[in-house]
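Have the structure open as you read.

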Amino acid sequence: MANSQQNNALEFRAMVLIFILHALHLGLGLIRYSIPEEMEYGYSVGNIAENLRITVRQLSARKCRLVSAEERQYLEVNVDTGVLFVSSRIDREQLCAQSPYCTIAFQIILETPLEMYRGEVEIVDINDNSPTFPENAILLQMAESIAPGSRFPLERALDPDVGTNAVTEYTISRNDQFGLNVNVREDGTKIAELVLEKSLDREQEASFQFALMAIDGGTPSRSGTIQINISVLDNNDNAPVFENEVYTANLEENAPVGTLVVKIKAIDLDQGTNAELKYSFVNLVPERVREPFSLDPESGEIKVQEQLDFEETNSYELDVQAEDNGTPAITGHSKILIRLIDVNDNAPEIKVTSLSGQVSEDAAPGTVVALMDITDRDSGENGEVHCHITSGVPFKIQSSLDNHYKVTTSRALDRETTSIYNVHIIAWDSGSPPLSTNKTIQISVSDVNDNAPQFFQSSYTLYVMENNAPGASIFTPTAFDPDLDQNSYISYSFRGNIQDSLVPTYLRIDSMNGTIYALRSFDYEKLKTFQFHVQARDAGAPPLSSRASVNVIILDQNDNTPVIVSPSEQNGSPAVQIVPQSAGQGYLVTKIMATDADSGQNARLSFRVLQAAEPALFSVGRNSGEIRTTRSILGHDDTSQSLVILVSDNGQPSLSSTATIRMSILGNVSEKISEDMDLHNDSGHSSDINLYLIVTFGSTSVLFLLTIVLLVVLKCKHDVEADGRTVCCCKPRNSKEAFPRCSAQRDQLNCSAAGQTLPFPESYHYSACQSRESPQSEFLFLKPYNPPASQWRC
């Protein structure tokens, strides 16, 4: 059974070693290869076995497989030879477009034991694409008057290849009129410009044709061409001429909009675009004269576009021009005379003589906001006017004198409900049919401070992670005020019952925007929650304010390392635990006790053996921290054992501490004394003075322990003689008498027949018992092993 447990322990160590090696292999470097694109199936990329420094047999035995990051599998591994080869056609332009660096990433996975390697294959571009132009031909038009040196950007050639395989040069076929200039952009692309080197003459040559060639830098180079067609345009050298120098027309003032007034026409002896004419009013004509009429620029028709008024203007004189489409354009001029025929068509006129643009929202009903005059230029019934204000607004119109009116408020105003009113006034005369006119005046309502700032919530709950950066903003409780300007300017401050004056110590608030900043880092272990109030106050007169409460909850962060409480170090040296050589499997050697100042998962501790001189002998409970023997102690086992225990919390990231435990396996008292001396002298002191000190200290300790044992023996003997009942087991060395039966409790020893109880701490429980296998006595120091009463025997 002991051999089985030892084998299990060895298997566990092997599994841990494999896991560590696997973790180390995950960090190995990248395997890189480089191949040209368009390689055929089976093209050898490299030898995986050689690069990984393993044999081909290991490659096959460990079930080597390749996992590609691409959806399509471009590469495969021959496990019999270790060769990485191309399994599918690789088109770099399709795979990476025009990216300057194109790679195929993959992973090589070896099983039993599991290892993973990263690799990538760089796909090198080859010159397998020719430059192409997006169009079949380039069409250009140039006026014969264009100056030499003019530049014309040309279509850019496209080449899917990259680097030197892309377009590097442009050329044009030989000609006497044009040259070529190539510019390089910031991204490295080249743009060709056509440059006019000599003046054009349409009468000598009306068009040009030549080829533009784009050449890439590959080996061998590839090229693409496009035809350039240039048309030379004629100069404009004839001015338009109108049919009449002066056009006249008579028009009634009530002519509807769209009525044709007159049609003008001019002729240009040029051809093509130089003979295309557009008509317009001359800018010298005042705008007020031109506004009532529209002129069609294509047909030359002049029409009425506004209502005409004989009382305002009884005639119009307009200057018009015809402009051709040449370069430069040439114009011809003419004059239009329009006489109006009077009719009775005047509508009432509304004139605002005084307007209060603003009225306070607390203005009383009847406050005057505007004065106006309403008149009609007609006479008789056609000149009698009436007016009113459209419904739905808190205003009304009243007559004060002849043709004089005032607009007043009709009820209380509220700027927060409506801040601007468009008051529509309608006036009409008594004619048949009646004519009317409309007038709209805009009245804005000025603000008074009648609204206090309001927070969006009456209370806020703020979660802040501890160890926050000092000076960083943590929250902004925003308030709003429906008032305007100064009445809506909000300042923020801390108010109310400030808990233990924590707020000024930990927080600062920006009075302008309400942003709350942390003045220092929070510590969850010292402060978990507190509350304060934020006041929002406007700048009105008098100012109004409101408050909101803020509950701050500090969130725990894993910032405390576990602290080993027990066993504690003695004078800076690891704690020494005494283990009897007769201890069996499951024997409790000691218990690691640790604390973590964090909370929740951050304080949940786990224990594991980090380092052990004899890994198969001791184990530690993952959650309990109890160190127990995993098998019986054998005679050939080292009497001095050392364990390094790792105590880790469950935080992210996890924090940990280590505890070093030294165990001394003793068979009897003399063995213990010798072991203690070995433990204290394992560093090999060379100084005689240090040796004397150690011997003196060891002798003193032995005398102290013998004194305690002697006192216990005398006490036990006295109790046995008192009532014949043995509670403490004591036997002198080399005595042949049988030990009396022992009894023990968890936290005390009972050594009195009369019920007397002597309490002892766990660290001072002693038992001197003779094992059945050895004639010698064994002195055991148990700390704090407390088996059930049924397991005690002497």
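## Cysteines

Let's start with Cys-64, which is buried at a relative accessible area of 10%. Here buried means under 20% relative accessible area, exposed means over 50%, and partly exposed covers what lies in between, using a 1.4 Å probe and protein chains only. Cys-387 is buried too, with a relative accessible area of 18%. A word on the ground rules: this is a predicted model, where local features need pLDDT of at least 70 and side-chain atom pairs count only at pLDDT 80 or more, while totals for chains, interfaces and linings use all residues. Residues are numbered from 1 along each chain as its sequence is written, and side-chain values use heavy atoms, with hydrogens and water left out.

How many disulfides are there? Taking a disulfide as a pair of cysteine sulfur atoms within 2.5 Å, the count is one. Cys-96 and Cys-102 form a disulfide, with 2.0 Å between their sulfur atoms. The torsion about the S-S bond of Cys-96 and Cys-102 is about 65 degrees, so this disulfide is right-handed. Both Cys-96 and Cys-102 are buried.

## Salt bridges

Side chains of opposite charge can pair when their charged atoms come close. The rule used here asks for a side-chain nitrogen of Lys or Arg within 4 Å of a carboxyl oxygen of Asp or Glu, and the structure holds 12 salt bridges. One of them joins Glu-111 and Arg-65, at 3.5 Å from N to O. Glu-111 is in the loop between β6 (103-110) and β7 (115-124) while Arg-65 is in strand β3 (residues 65-68), so the pair ties together parts 46 residues apart in sequence. As for the strand and helix labels, they are DSSP runs numbered from the N terminus: helices are H or I with at least four residues, strands are E with at least two. Glu-111 is partly exposed at 25% relative accessibility, and Arg-65 is partly exposed at 40%.

Next, Asp-91 and Arg-89 meet in a salt bridge at 3.6 Å, N to O. Asp-91 counts as buried, at 17% relative accessibility, whereas Arg-89 is partly exposed at 46%.

## Aromatic pairs

On to the rings. Rings of Phe, Tyr and Trp (its six-membered ring) pair if their centres lie within 6.5 Å; planes under 30 degrees apart count as stacked, over 60 as edge-to-face and the rest as tilted. The structure holds 14 aromatic pairs. In one, the rings of Phe-178 and Phe-210 have centres 5.7 Å apart and planes at 35 degrees, so the pair is tilted. Phe-178 belongs to strand β11 (residues 178-184) and Phe-210 to strand β13 (residues 207-216), so this pair ties together parts 32 residues apart in sequence. Both Phe-178 and Phe-210 are buried.

Phe-395 and Tyr-421 make an edge-to-face pair, 5.5 Å centre to centre with 80 degrees between the planes. With Phe-395 in strand β28 (residues 395-401) and Tyr-421 in strand β30 (residues 420-429), the pair ties together parts that are 26 residues apart in sequence. Phe-395 is buried at 5% relative accessible area, and Tyr-421 is buried at 12%.

## The largest nonpolar core

In soluble globular proteins, nonpolar side chains tend to be buried together. A nonpolar core here is a set of buried Ala, Val, Leu, Ile, Met, Phe, Trp, Tyr and Cys residues joined through side-chain atoms within 4.5 Å. The largest one has 27 residues, and those with the most contacts inside it are Leu-507, Ile-516, Phe-522, Phe-530, Phe-532 and Val-534. Elements giving two or more residues to this core include β33 (459-465), α7 (502-506), β39 (529-538) and β40 (545-555).

Ring pairs link Phe-494, Tyr-506, Phe-522, Phe-530 and Phe-532 into a cluster. Leaving out residues up to four places away in sequence, Phe-522 touches several residues, among them Val-464, Leu-507, Leu-527 and Ile-554 (contact means heavy atoms within 4.5 Å).

## Charges over rings

A charge sits over a ring if NZ of Lys or CZ of Arg is within 6 Å of the ring centre and within 35 degrees of the ring normal. Arg-520 lies over the face of Tyr-506, at 4.6 Å from the ring centre. Likewise, the charged end of Lys-528 sits over the ring of Tyr-524, 4.7 Å from its centre.
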